[in-house]
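This report covers the ligand site, the nonpolar cores and some backbone details of one structure. The sequence and the model come first.

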Amino acid sequence: MKTATAIASPNIALAKYWGKREHGANLPAVSSLSVTLAGMSTTTTVLFDEGLDADVLVLDGAVADATSTARVAGLLDRVRAAAGLREHARVVSANDFPTASGLASSASAFAALAVAATAAAGLEVDATWQSDLARRTSVSAARSLFGGFVELRAGRGGDTHLAAEPVATPEHWPLRVVVAVTSEGRKSIGSTDGMLHTVLTSPYYPAWVASAPALFAHIREAILRRDFDALGPAVEQSALLMHAAAIAAAPGVLYWTPATVEVLHAVRRLRASGLAAYATIDAGPHVKVVTTPEHEAAIASALREVPGVLRTIETRVGPGPRVLTRGAEAKA
Ligand code: PMV
């Protein structure tokens, strides 16, 4: 049985990536650095089956649309080419958090798919190979192939291979990330389209690309030194710079809702009251608040009182993906 099931977690970029290099295969224009989150996950089963005449994707219990299925098929094509397989696959994937709402579901989805598909195909490859594979479909997914603190360097013209690399283990620093969930729906504009539009039309895009490397280096250093006071302001600035570039596109790419802004103000009030709290925002309306174990409970209960916050998810720095079952023991 050519089948395997894998589990992977999303990651949150502390130093953001936004924008791809002009030429080349899905290469990020800036370096990024993330934490892999324990407490949210995607579980994916891949079954290569000679009875299928096309790849099938079942996402959270329903057959997925053509666009999502084509992205999955693109990754499967690379696995088939490497393994010398011809069979199409049935892919069954489920998230334990809202899909495509800016909670980084593409990262955990394509990391879990890369691990499940290579295991199902019997490919003996390492996490670096799987990270490069996932990166070709979703840049942020490359980082979810490792646990702990993970970096993905900017692509250079002509790169044919680009994988994320671990910077520190989950045990290095017990940071906490509290997710303030502000909507359960799908986001209006996907990150791929949002960043392409930013690259093409935002006069602030060059400023973002020019300022990202110094912030990345500062954030990397603060993590290695476990220096929260150095980390926090740079994390928040990285997110606000990225969103400023997107908002300045024509027309503006605006992921924020009133609840997003309410949370940003609440985080400032929490800091003023002496709590460790810095915000980051991906391509969606939710806010993720980086904090310490001592302040996590107080931050989470304060965020739940903010108008527009539906609930909070408390996460910690977690491990990379793993294969749950393979071969005859797996069920598709
Ligand atoms: O790689 P994508 O398409 O999932 O883009 C994600 C971009 C951000 O989440 C907004 C930032 C990041 O570095 O993860």
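A polar contact is a pair of N or O atoms within 3.5 Å; within protein, one must be able to donate a hydrogen and the other to accept it, and residues adjacent in sequence count only if both atoms are side-chain atoms. The model is predicted, so local features need pLDDT of at least 70 and side-chain atom pairs count only at pLDDT 80 or more, while totals for chains, interfaces and linings use all residues. Residues are numbered from 1 along each chain as its sequence is written, and side-chain values use heavy atoms, with hydrogens and water left out.

**Ligand site**

| Side chain | Distance to a ligand oxygen atom |
|---|---|
| S106 | 3.2 Å |
| R143 | 2.7 Å |
| S191 | 2.7 Å |

On its own the ligand has 380 Å² of accessible area, and the protein covers 94% of this (Shrake-Rupley method, 1.4 Å probe). The shell has 14 residues, of which Y17, S106, S140, R143 and S191 come nearest (a residue is near if one of its heavy atoms lies within 4 Å). By class, the shell holds 7 nonpolar, 4 polar and 3 charged residues. Here Ala, Val, Leu, Ile, Met, Phe, Trp, Tyr, Cys and Pro count as nonpolar, Asp, Glu, Lys and Arg as charged, and the others, Gly among them, as polar.

**Nonpolar cores**

A nonpolar core is a set of buried Ala, Val, Leu, Ile, Met, Phe, Trp, Tyr and Cys residues joined through side-chain atoms within 4.5 Å. Buried means under 20% relative accessible area, exposed over 50%, and partly exposed in between (1.4 Å probe, protein chains only). The largest core has 52 residues, and V46, F48 and L76 touch the most other members. Helix α2 (residues 105–120) gives the largest share, 10 residues; helices (H or I, at least four residues) and strands (E, at least two) are DSSP runs numbered from the N terminus. A separate second core of 31 residues includes L14, F97, W173 and A222.

**Loops and backbone**

D159 sits in the loop between β8 (149–152) and β9 (165–168). Its side chain reaches the backbone nitrogen of R156 at 2.7 Å. D159 counts as partly exposed because its relative accessibility is 22%.

N26, in the loop between β2 (11–15) and β3 (32–38), has a positive phi of about 55° although it is not a glycine. N26 is buried, because its relative accessible area is 14%. A cis peptide bond joins A250 and P251, with omega about -10°.
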